[in-house]
Amino acid sequence: CANFSPYHSSKLDFYNMDLIIKDLKNIAKRVKLILHIQLQGGDFFLHKDALKLIQYIAQEEKFINCTIATNCILIPKQNILEALKNPKFTIRISHYGTTNEKNENILIDKLKENNIKLFYHKYANNNGYWSYCGDINTLKHVKNETINNYLNCIFKICTTLENGIISRCSRSTVAHFVQNFKPKHNDLINVRSPFFNITITSSFREKTFKIC
């Protein structure tokens with residue numbers, strides 16, 4: 001929901017899983033290791049090709065750990081549960097109280113039966129992270145206010161890959177699409193560009209931190 005999903009889900013179809021895997025391969029061949037990767041949606045398990053990505057991450061030696069976020073909309077089929085037995089994977093259950101409690105209990109039982117690691121993100125009990133990030137009509141701020149908002153944002157270290165685009169902010173990968181503005185050249189990294197390399201990514205990270 002923080003990444004404008006309620007606004008753009010009607011405009012965007014599920015991303016092509018083969019392209020997602022191609023993007024990850026493009027990144028993987030340019031790095032020594034990626035210690036942690038998290039898969040999100042909406043709910044990741046709703047994607048019809050979820051198993052493809054799980055299988056790819058399981059065999060990619062450069063990916064050390066993977067967390068999959070779910071709000072238990074869909075209980076994964078047994079073939080997916082089998083793949084998740086790989087010790088790389090941990091399931092993060094987003095707990096919303098009675099809203100998803102029934103399916104949550106079913107999924108927990110399934111995960112425990114299959115010895116799959118899990119943990120809770122308890123939004124309903126107010127010990128998860130709730131933050132109002134603004135809606136699609138949020139106006140552009142002056143520079144000092146923008147910097148202050150960035151420094152206080154819980155997502156400022158949430159490096160995200162979405163639809164071929166890397167950003168330090170999980171919202172900004174789609175914000176331009178939803179809010180109808182054109183991102184500046186140094187706002188995003190396109191991993192599908194023939195000029196993409198890890199030097200560009202390192203420089204992007206350093207410039208972002210210098211803002212702080």
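How near do the axes of helix α2 and helix α3 come, and at what angle do they cross? The views below come from a predicted model, in which local features need pLDDT of at least 70, side-chain atom pairs count only at pLDDT 80 or more, and totals for chains, interfaces and linings use all residues. Residues are numbered from 1 along each chain as its sequence is written, and side-chain values use heavy atoms, without hydrogens or water.

**View 1. Helix α2 (residues 17-28) against helix α3 (residues 50-59).** Their axes come within 9 Å and cross at roughly 20°. Axes are lines fitted to C-alpha atoms over the stretch in contact, with angles from 0 to 180 degrees between N-to-C directions. The helices are therefore roughly parallel (under 35 degrees). Helices are DSSP runs of H or I, at least four residues; strands are E runs of at least two.

**View 2. Residues at the α2–α3 contact.** From α2 come M17, D18, I20, I21, L24, K25 and A28. Helix α3 supplies A50, K52, L53 and Y56. Contact means heavy atoms within 4.5 Å.

**View 3. The largest nonpolar core, with 29 residues.** A core is a set of buried Ala, Val, Leu, Ile, Met, Phe, Trp, Tyr and Cys residues joined through side-chain atoms within 4.5 Å. Buried means under 20% relative accessible area, with a 1.4 Å probe and protein chains only. F44, L53, I54, I57, I68 and L84 have the most contacts inside this core. Helix α3 gives the largest share, six residues.

**View 4. Surroundings of L84.** Beyond its neighbours within four places in sequence, L84 is in contact with F45, I54, I68, F89, I91 and I116.

Definitions and conventions: Parallel < 35°, antiparallel > 145°, perpendicular 65-115°, else oblique. Buried < 20%, exposed > 50% of the residue type's maximum accessible area, 1.4 Å probe, protein only.
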